[in-house]
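Hi,

Here is the structure I promised to pass on to you. Have a look at it first, and then read on for what turned up.

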Amino acid sequence: MDEILPETTIEQISTFTKWIKSFLTWNNLLRVVIAVVVLLVLWIVYRLIIRGVKRVKSEKMTLNRQQMIMRAVKYAYWILVVMYVLSLFGVKLSAIWGAAGIAGVAIGFAAQTSVSNLISGLFVITEGSLKVGDFIVVDGVSGIVDEVKLISVRIHTLDNQMIRIPNSKIIDSSMTNNSYHSIRRMTLNVSIAYNTDMLKALEALEKAPALCDKVLTDPAPAVWFDGFGESGINMTIAYWFNSTDLVAAKNQMYCAMKKVFDDAGIEIPYNKLDVNLLK
């Protein structure tokens with residue numbers, strides 16, 4: 001027994017050595033070198049494309065499109081690498097494409113919703129109707145866009161809750177993008193007492209925009225009467241501001257409206273209840 005074990009071990013080592021030597025041929029070594037060179041070239045081209053996309057200025061390419069291109073290049077790179085490696089091992093790519101086609105049909109029937117979101121995502125990204133940082137409202141849900149993907153859009157609400165909106169919902173429903181344009185217009189309503197000089201009230205309210213540094217002078221603000229209400233005469237003021245100054249511009253205008261009416265001695269009416277006691 002002691003003599004058989006060493007002989008068996010030597011035979012196994014000899015067999016393994018012969019198997020290794022069968023692969024260590026010049027032809028196989030040349031294939032390995034070519035494979036390494038091809039993979040290295042693919043990696044260099046991939047990195048150069050990614051670096052080139054990152055260097056494109058934001059004026060020429062939005063962040064959404066930049067991310068979409070980088071993601072597509074990444075997928076294409078890994079697909080090429082996997083296909084090339086499989087071809088080195090003699091795997092027929094035609095069989096893979098046939099299996100992928102059959103699997104694609106099966107998956108398509110099983111995941112129609114995902115496919116719908118995927119197609120809608122392409123429209124959302126290429127349309128350019130929203131981008132990261134925009135404040136949007138979709139089907140009653142509002143928030144700031146954090147990420148635009150092929151399947152969904154992720155936003156966070158003003159109370160910092162993450163909400164995922166499927167791209168199909170964005171395409172099928174009305175979406176409001178409050179940040180799409182650099183400036184916005186806001187209209188505020190106010191009432192004055194019926195015994196007020198209307199021209200005096202008009203002149204007073206026209207002074208309010210000048211007290212607000214967040215309000216733009218071009219386009220110019222506008223003031224007009226908007227009907228007779230139950231307890232006063234309705235007035236409207238419309239003004240423009242930068243989209244990022246929404247809260248500040250709104251607060252400033254309310255303060256300015258109250259100030260100009262107080263300075264002019266104009267009363268802002270409120271509901272009153274008269275009580276008469278009969279003896």
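Let me begin with a contact between two side chains: Lys-259 and Asp-263 meet in a salt bridge, with 3.4 Å from N to O. Please keep in mind that this is a predicted model. The two residues are 4 apart in helix H8, so about one helical turn separates Lys-259 from Asp-263. Lys-259 is partly exposed at 44% relative accessibility, whereas Asp-263 is exposed, with a relative accessible area of 58%.

As background, an α-helix has 3.6 residues a turn, so residues three or four places apart point the same way.

How many salt bridges does a search of the whole structure find? The count is 5. One of them joins the side chains of Asp-134 and Lys-131, with an N to O distance of 3.2 Å.

Next, helix H2, which runs over residues 26–55. In the first, Val-33, Val-37, Val-41, Val-45 and Ile-49 form a nonpolar patch with about 390 Å² of accessible area together. Val-41, one of these residues, is found in helix H2 and is partly exposed, at 44% relative accessibility. In the second, Arg-47, Arg-51, Lys-54 and Arg-55 gather into a patch of positive charge on the surface. Arg-55 belongs to helix H2 and is exposed, with a relative accessible area of 66%.

Which residues of helix H7 are buried? In this helix (residues 198–205), they are Ala-201, Ala-204 and Leu-205. Seen down the axis of H7, the buried residues fall within an arc of 90 degrees, so they line one face of the helix. Leu-199 and Glu-203, on the other side of H7, are exposed.

Some backbone geometry may also interest you:

- The peptide bond from Asp-218 to Pro-219 is cis, with omega near 5 degrees. Pro-219 sits in the loop between H7 and strand E7 (222–228).
- Asp-139 is not a glycine, yet it has a positive phi of about 55 degrees. Its place is the loop between strand E1 (135–138) and strand E2 (141–148), and Asp-139 is exposed at 54% relative accessibility.
- Asn-160, again not a glycine, has a positive phi of about 65 degrees. Asn-160 lies in the loop between strand E3 (152–156) and strand E4 (162–166) and counts as exposed, with 62% relative accessibility.

One last pair links two of these regions. Ile-165 is in strand E4 and is buried, with a relative accessible area of 5%. Ile-165 and Asp-139 are 26 residues apart in sequence, and their C-alpha atoms are 9.8 Å apart in space.

Happy to talk any of this through with you.

Best wishes

How values were computed
Residues are numbered from 1 along each chain as its sequence is written. This is a predicted model: local features need pLDDT of at least 70, side-chain atom pairs count only at pLDDT 80 or more; totals for chains, interfaces and linings use all residues. Side-chain values use heavy atoms; hydrogens and water are left out. Patches are made of residues with over 30% relative accessible area and no salt bridge: like charges are joined within 9 Å, nonpolar side chains (Val, Leu, Ile, Met, Phe, Trp, Tyr) within 5 Å. Accessible areas come from the Shrake-Rupley method with a 1.4 Å probe; for residues, only the protein chains shown count as cover. A salt bridge is a side-chain nitrogen of Lys or Arg within 4 Å of a carboxyl oxygen of Asp or Glu. Lys and Arg count as positive and Asp and Glu as negative; His and the chain ends are not counted. The place of a charge is taken as NZ of Lys, CZ of Arg, CG of Asp or CD of Glu. Buried means under 20% relative accessible area, exposed over 50%, partly exposed in between (1.4 Å probe, protein chains only). The arc is that of the directions from the helix axis to the C-beta atoms.
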